[in-house]
Amino acid sequence: TPPTNFPFDDWIRQQFIKLVIPRSESAMYLSFRYRIRPTTFRRFYNIQRFGMTEDLALGFSFSLQVSPALDLNHTSQLFVLLSQSTSYRWLIRKHILSLESSANVRWQPRGNEVGFPSKWLNIRWNVGGRYISPLFLIGRLHARATLLLRHKNIEKSLAYLGSGQGLRGFLTSQFAGQNFMLINVEYRTTSISLWTMHIGMAAFYDGGSVWGGQDP
């Protein structure tokens, strides 16, 4: 709910509730999950962290979750949450390539009785890829791209870009929208150890966009 000292008139307050405030819901869930994950791991050095070894899983990973639920405020409203994720990581002559995709949806057959626009709600699809080169010169090349799309987003969920969220040079969460696209290309040096510190450098290019939602 808006704060008690909301400084605008009642019409703006109602619009703020409609367009900005997340939707409240009380529900009880029962979840079933099936997962396949790889059992082949390879050890690497100076991939994501300076001066540390990292174990990366290679191969196919898959997860499916089904969650039947009951809306406790409207007990006639039964719905099902479905989520799925798939990924694969290859090691090709010391080149690391990863592809991943995930999707979520809410199926509520009687949602029109409580004002929802469709039986299928909170449709979300995310796809992305990542590449890490072998060590050359004094570092590695890293590249990634990701795309997130939402439809019938009754939760008013937003994606954010800025600073550590993938668009360096801007404020944290400076850009917000229900859909987003992001591309990063970066050359990271190996580290130099100075006493208890590991120091390195990175040259990078970040590009991204957010769009959709109520805010133009």
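Visitor: Which residue forms a salt bridge with Arg-23 in which the closest N and O atoms are 3.3 Å apart?
Guide: This is a predicted model, in which local features need pLDDT of at least 70 and side-chain atom pairs count only at pLDDT 80 or more, while totals for chains, interfaces and linings use all residues. Residues are numbered from 1 along each chain as its sequence is written, and side-chain values use heavy atoms, with hydrogens and water left out. A salt bridge is a side-chain nitrogen of Lys or Arg within 4 Å of a carboxyl oxygen of Asp or Glu. At 3.3 Å between the closest N and O atoms, Arg-23 is bridged to Glu-25.

Visitor: What is the relative accessibility of Glu-25?
Guide: A residue is buried under 20% relative accessible area, exposed over 50% and partly exposed in between, judged with a 1.4 Å probe and protein chains only. Arg-23 counts as partly exposed because its value is 24%. Glu-25 also falls in the partly exposed class, at a relative accessibility of 26%.

Visitor: How many residues apart in sequence are the parts tied together by Glu-155 and Arg-23?
Guide: Glu-155 forms a salt bridge with Arg-23, and their closest N and O atoms are 2.9 Å apart. Glu-155 lies in the loop between β8 (139-151) and β9 (159-161), whereas Arg-23 lies in the loop between α1 (10-19) and β1 (27-29). Helices (H or I, at least four residues) and strands (E, at least two) are DSSP runs, numbered from the N terminus. The pair therefore ties together parts whose separation in sequence, in residues, is 132.

Visitor: Where does Glu-186, the salt-bridge partner of Arg-168, lie?
Guide: The side chains of Arg-168 and Glu-186 meet at 3.0 Å, N to O. Arg-168 is in the loop between β9 and β10 (175-177), so the pair joins parts 18 residues apart in sequence, with Glu-186 in strand β11 (residues 179-189).

Visitor: Is Glu-186 buried or exposed?
Guide: Arg-168 is partly exposed, with a relative accessible area of 32%. Glu-186 has a relative accessible area of 10%, and therefore it is buried.

Visitor: What radius of gyration does the protein have?
Guide: The protein has one helix and 14 strands, and its C-alpha atoms fill a box of roughly 60 × 45 × 30 Å along the principal axes. The radius of gyration is taken over C-alpha atoms, and the globule rule is 2.2 Å times the number of residues to the power 0.38. For a compact globule of 216 residues the value would be near 17 Å, but the protein has 22 Å.

Visitor: What share of the 216 residues counts as buried?
Guide: Among contacts between residues at least 6 apart in sequence, 54% join residues at least 24 apart. Of the 216 residues, the buried share is 28%.

Note on methods
Contact = heavy atoms within 4.5 Å.
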